[in-house]
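Colleague: I am new to this one. Please walk me through the labels and show me what stands behind each.

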Amino acid sequence: RAAEYLVRFLVRFFASACDLESSDGLELRTKEWEVAPLAVDHVRSSFFEDERLFPAGSTRFDSAPLMRRVAHEWHTRASLTAE
């Protein structure tokens, strides 16, 4: 269940990355899935490196899950707005 929550959080988070005030709601549904760790040598993100959004040192990379051949469906949800 923790992995399911993480995927839903990440989908909603990145869907809103372009507009921090509001965005279209989006939900990823899977019936079953398998996640494997992905080896990462280098990480760079212009979004997370933007100090207007995140103070220096406030974010860090911790993992990269890899999902392959996962049956899935995308579903629209109500718009998400920042409060």
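Modeller: Start with the elements: helices (H or I, at least four residues) and strands (E, at least two) are DSSP runs, numbered from the N terminus. This is a predicted model, where local features need pLDDT of at least 70, side-chain atom pairs count only at pLDDT 80 or more, and totals for chains, interfaces and linings use all residues. Residues are numbered from 1 along each chain as its sequence is written, and side-chain values use heavy atoms, with hydrogens and water left out.

Colleague: What elements does the protein chain have, and in what order do they run?

Modeller: The protein chain has one helix and four strands. From the N terminus on, the order is α-β-β-β-β.

Colleague: Where is Arg69 found, and is Arg69 buried or exposed?

Modeller: Arg69 is in the loop between β3 and β4 (72-81). Buried means under 20% relative accessible area, exposed over 50%, and partly exposed in between (1.4 Å probe, protein chains only). The relative accessible area of Arg69 is 79%, so Arg69 is exposed.

Colleague: Why is Glu27 called buried?

Modeller: Glu27 has a relative accessible area of 11%, and the limit is under 20%, so Glu27 is buried. Glu27 lies in strand β1 (residues 22-30).

Colleague: How do you know that Arg77 forms a salt bridge with Glu27?

Modeller: A salt bridge is a side-chain nitrogen of Lys or Arg within 4 Å of a carboxyl oxygen of Asp or Glu. The closest N and O atoms of Arg77 and Glu27 are 2.6 Å apart, so the pair qualifies.

Colleague: What parts does this pair tie together?

Modeller: Arg77 lies in strand β4 and Glu27 in strand β1, so the pair ties together parts that are 50 residues apart in sequence. Arg77 is partly exposed, because its relative accessibility is 34%.

Colleague: How many salt bridges does a search of the whole structure find?

Modeller: Four. One of them joins Glu49 and Arg44, with the closest N and O atoms 2.9 Å apart. Glu49 is partly exposed at 39% relative accessibility, and Arg44 is exposed at 67%.

Colleague: How do you know that Arg52 and Asp50 meet in a salt bridge?

Modeller: Their side chains come to 2.6 Å, N to O. The limit is 4 Å, so the pair counts. Arg52 is exposed at 76% relative accessibility, whereas Asp50 is buried at 17%. There is also a network: salt bridges that share partners join Glu27, Arg29 and Arg77.

Colleague: How many aromatic pairs does the search find, and why is the pair of Phe47 and Phe48 called edge-to-face?

Modeller: The search of the whole structure finds three aromatic pairs. Rings of Phe, Tyr and Trp (its six-membered ring) pair if their centres lie within 6.5 Å; planes under 30 degrees apart count as stacked, over 60 as edge-to-face and the rest as tilted. The rings of Phe47 and Phe48 have centres 5.1 Å apart and planes at 80 degrees, so the pair is edge-to-face.

Colleague: Why is the pair of Phe48 and Phe54 called tilted?

Modeller: Their ring centres are 5.2 Å apart and their planes are at 40 degrees, so the pair is tilted. Phe48 is partly exposed at 27% relative accessibility, and Phe54 is buried at 18%. Ring pairs link Phe47, Phe48 and Phe54 into a cluster.

Colleague: Which residues form the nonpolar patch on the surface?

Modeller: Leu38, Val40, Val43 and Phe61. Patches are made of residues with over 30% relative accessible area and no salt bridge: like charges are joined within 9 Å, nonpolar side chains (Val, Leu, Ile, Met, Phe, Trp, Tyr) within 5 Å. Together the four have about 320 Å² of accessible area. Accessible areas come from the Shrake-Rupley method with a 1.4 Å probe; for residues, only the protein chains shown count as cover.

Colleague: What makes Leu38 partly exposed?

Modeller: Its relative accessibility is 43%, so Leu38 counts as partly exposed. Leu38 sits in the loop between β2 (35-37) and β3 (65-67).

Colleague: And the chain as a whole?

Modeller: Buried residues make up 14% of the 83 residues in the protein chain. The chain exposes about 7300 Å², and carbon and sulfur atoms supply 52% of it.
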